[in-house]
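Subject: Structure for you to look through

Dear colleague,

I am passing on the structure we talked about, and below it I have set out what was found in it. Please keep the view open while you read, so that you can look up each residue as it comes.

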Amino acid sequence: MAGWSLLDMPPQAGRTAIVTGTGGLGFEDALALARAGADVIVAGRNPEKGAAALARIRRAVPNATVAFEPLDLARLASVAAFAERVAGSRDRIDLLINNAAVMTPPTRQVSADGYELQFATNHLGHVALTARLLPLLRRASAPRVVSLSSVAARGGSLAFDDLQAERAYRPMAAYSQSKLACLMFALELQRRSEAGGWGLTSLAAHPGIARTDLLPNGAGPRSLAGLARTYLWFLFQPADRAALPALYAATAPQAAGGAYYGPVHLSETRGAPGPARIPAQALDEAAAARLWDVSERLAGVRFG
């Protein structure tokens, strides 16, 4: 896979893909998949941003098959409604990219269901989405689910006694926990698929350090992180490059279930996609099984 690029992506005609997130990496994923011929559903919270994303894709790919569907991952009722609408319009889903995220709001915020916003959006919402789409995914011949983690997962830990950061909220610690949870969910989903005969391939990816609006939207444009994104832009790789690990995981025939992909250079912060190092804490299968059970309960879903 050395030097893998979009030129190496196999044709995607006949595949139906869902990508969460209308900007940044999600936009680049949707654009690349549409260009390769996939039927793409862009899912996001803001209809105006969704319409803008579709317009940009159609300008670049006039014959694109692409649609927007509203989805608020921080509202479990919205996730359920989204899955119901998709089931009414599609007979199967071949690819789900769990991409959308929020990052480091300076003060603790909660979702519509009362959960810490980063844990709710980045992890729980995608758990609920995957569970509710599982019947459609299982109807595909070779379904894949790609979950986006982060280099921040390296410093993450699961505070099972305070998953919602009610006792102590530290923005980056909460973000790192949520992204560690995303990675552990991807690995556990592969184990459960193999054990249950679901026929599903689950993979994880991370973008390195990407030049997107995630930092300024979360921490704020005048925060230290936001200012770094603005004035040290050259340290961040462009979104189209940062999207490559997820697109490799989503489309490459040789991408393996249960694998983790990211940029290969400068401590996995930039460069072409390749195998990423899985943090030791993400390999704790007992913790992953516990997280799975807790997440099902909090998200109000059951797999299988």
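Thr-104 belongs to the loop that runs between strand 4 (95–98) and helix 4, and its phi is near 50 degrees, which is a positive value in a residue other than glycine. Leu-266 also has a phi near 50 degrees, again a positive value in a residue other than glycine, and its place is in the loop between strand 9 (260–265) and strand 10 (270–275). Leu-266, however, counts as exposed, at 61% relative accessibility.

Before going further, please bear in mind that this is a predicted model. The chain has a mean pLDDT of 93, and 91% of its residues reach 70 or more. Over residues 226–234, on the other hand, the pLDDT is below 50, although this stretch has 16 contacts in the model beyond near neighbours in sequence. Where pLDDT is low, the predicted coordinates should not be read in detail.

The loop between strand 4 and helix 4 also holds Ser-111, which counts as buried at 6% relative accessibility. With its neighbours within four places in sequence left aside, Ser-111 is in contact with Ala-74, Leu-117 and Ala-120. Ser-111 and Leu-73 are 38 residues apart in sequence, while their C-alpha atoms are 8.9 Å apart in space.

Strand 3 contains Glu-69, which is partly exposed, with a relative accessible area of 22%. Apart from its neighbours within four places in sequence, Glu-69 is in contact with Ile-41, Val-42, Ala-43, Gly-44, Phe-82 and Arg-85. Glu-69 and Arg-45 are 24 residues apart along the chain, and their C-alpha atoms are separated by 8.6 Å.

The aromatic rings come next. A search of the whole structure finds six aromatic pairs. One of them is formed by Phe-185 and Phe-303, a tilted pair with 6.1 Å from centre to centre and 55 degrees between the planes. Because Phe-185 lies in helix 5 (residues 171–196) and Phe-303 in the segment after helix 10, this pair ties together parts that are 118 residues apart in sequence. Phe-185 is buried, with a relative accessible area of 5%, and Phe-303 is buried too, with a relative accessible area of 11%.

Phe-303 also forms an aromatic pair with Trp-292, which is tilted, with 4.5 Å from centre to centre and 45 degrees between the planes. Here Trp-292 lies in helix 10 and Phe-303 in the segment after helix 10, so the pair ties together parts that are eleven residues apart in sequence. Trp-292 counts as buried, at 5% relative accessibility. Phe-185, Trp-292 and Phe-303 belong, with Trp-198, to one aromatic cluster.

Finally, there are two places to look at where an arginine lies over a ring. Arg-56 lies over the face of Phe-27, at 3.8 Å from the ring centre, and Arg-290 lies over the face of Phe-160, at 4.1 Å from the ring centre.

Note on methods: Residues are numbered from 1 along each chain as its sequence is written. This is a predicted model: local features need pLDDT of at least 70, side-chain atom pairs count only at pLDDT 80 or more; totals for chains, interfaces and linings use all residues. Side-chain values use heavy atoms; hydrogens and water are left out. pLDDT is the predictor's confidence in each residue, from 0 to 100. Contact means heavy atoms within 4.5 Å. Rings of Phe, Tyr and Trp (its six-membered ring) pair if their centres lie within 6.5 Å; planes under 30 degrees apart count as stacked, over 60 as edge-to-face and the rest as tilted. Helices (H or I, at least four residues) and strands (E, at least two) are DSSP runs, numbered from the N terminus. Buried means under 20% relative accessible area, exposed over 50%, partly exposed in between (1.4 Å probe, protein chains only). A charge sits over a ring if NZ of Lys or CZ of Arg is within 6 Å of the ring centre and within 35 degrees of the ring normal.
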